[in-house]
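Subject: Structure handover and findings

Hello,

My notes come after it.

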Amino acid sequence: MSDLIQRVPDLRGQLRDQLERRLRLGIYPDDVRLMEHGVAREFSVSRTPAREALAMLAREGVLERFGRGYRRVRFSVQDIKHVFEVRRRLEPFAVRLVAQHATTAEKRALRQALKELGGQIDDPHRYMDALAAMRKPLFEPCKNG
């Protein structure tokens, strides 16, 4: 039974990733109100994975409950400064851990992601996608989560 579960695509996770990508790329306006039934209709899925994907984004702090739906979390300038200060202090340590303990496959994935990132510098949307792709092999080996 567990083999079957591992092979089944994680629909809510895929939906969460697509919603997060669309929010990041500005495909949805800043004042968008995401509703479970609207997301389900947009992606041609049932309401359960739509509800779960929206809840995942809310738990991660990307969205917040707003009435019967969700909206993008609004950050102050001070909030953003704090986030970047924490990242400035923690990420070099995480990268150092990866460099010391990454497998050959993890290092290869990182090299490939860095190569792709360099080729996307002229298109901001493709650059953001490549940056997100680069961060995955960079921080996944930290095994934090």
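The notes below go from the overall fold to the sheet, the helix contacts and a few single residues.

This is a predicted model: local features need pLDDT of at least 70, side-chain atom pairs count only at pLDDT 80 or more, and totals for chains, interfaces and linings use all residues. Residues are numbered from 1 along each chain as its sequence is written, and side-chain values use heavy atoms, with hydrogens and water left out.

Overall fold

The chain has seven helices and three strands. Helices (H or I, at least four residues) and strands (E, at least two) are DSSP runs, numbered from the N terminus. Along the sequence the pattern reads α-α-β-α-α-β-β-α-α-α. The chain holds 145 residues, and 28% of them count as buried. Buried means under 20% relative accessible area, exposed means over 50%, and partly exposed lies in between (1.4 Å probe, protein chains only). Take the contacts in the chain with a separation of 6 or more: residues 24 or more positions apart account for 57% of them. A contact here means heavy atoms within 4.5 Å.

The sheet

The three strands form an open sheet in the order β1-β3-β2, with antiparallel pairing. Two strands pair if DSSP finds at least two bridges between them. The edges are β1 (33-34) and β2 (63-66). Each has a single partner strand, so one side of each is left without a neighbour in the sheet.

β2 is joined to β3 (residues 69-72) by four bridges, and the two run antiparallel. Leucine 63 stands opposite arginine 72 in β3. Glutamate 64 stands opposite arginine 71 in β3. On the β1 side, two bridges pair β1 with β3, again in the antiparallel sense. There, arginine 33 has arginine 71 of β3 as its bridge partner.

Helix contacts

Start with α2 (residues 11-25) and α4 (residues 47-59). Their axes come within 8 Å and cross at roughly 55°. That makes α2 oblique to α4. Axes are lines fitted to C-alpha atoms, for helices over the stretch in contact, and angles run from 0 to 180 degrees between N-to-C directions. Angles under 35 degrees count as roughly parallel, over 145 as roughly antiparallel, 65 to 115 as roughly perpendicular, and the rest as oblique.

From α2, the contact uses Leu11, Arg12, Gly13, Leu15, Arg16, Leu19 and Glu20. From α4, it uses Pro49, Ala50, Glu52, Ala53, Leu54, Met56 and Leu57. By class, the residues of this α2 and α4 contact are nine nonpolar, one polar and four charged. Ala, Val, Leu, Ile, Met, Phe, Trp, Tyr, Cys and Pro count as nonpolar, Asp, Glu, Lys and Arg as charged, and the others, Gly among them, as polar.

Next come α5 (residues 77-101) and α7 (residues 124-139). They pack at an angle of about 60°, with their axes 9 Å apart. That makes α5 oblique to α7. Arg87, Glu91, Ala94, Val95 and Val98 of α5 make the contact with Arg135, Leu138 and Phe139 of α7. These residues divide into five nonpolar, no polar and three charged.

Single residues

Arginine 87 lies in α5. It is partly exposed, with a relative accessible area of 31%. Leaving out residues up to four places away in sequence, arginine 87 touches Pro92 and Arg135.

Glycine 38 is in helix α3 (residues 36-43). It is partly exposed too, with a relative accessible area of 23%. Glycine 38 and alanine 50 are twelve residues apart in sequence, and 8.7 Å apart in space, C-alpha to C-alpha.

What is the phi of serine 44? It is near 55°, a positive value in a residue other than glycine. Serine 44 is found in the loop between α3 and α4. It counts as exposed, at 67% relative accessibility.

Best regards
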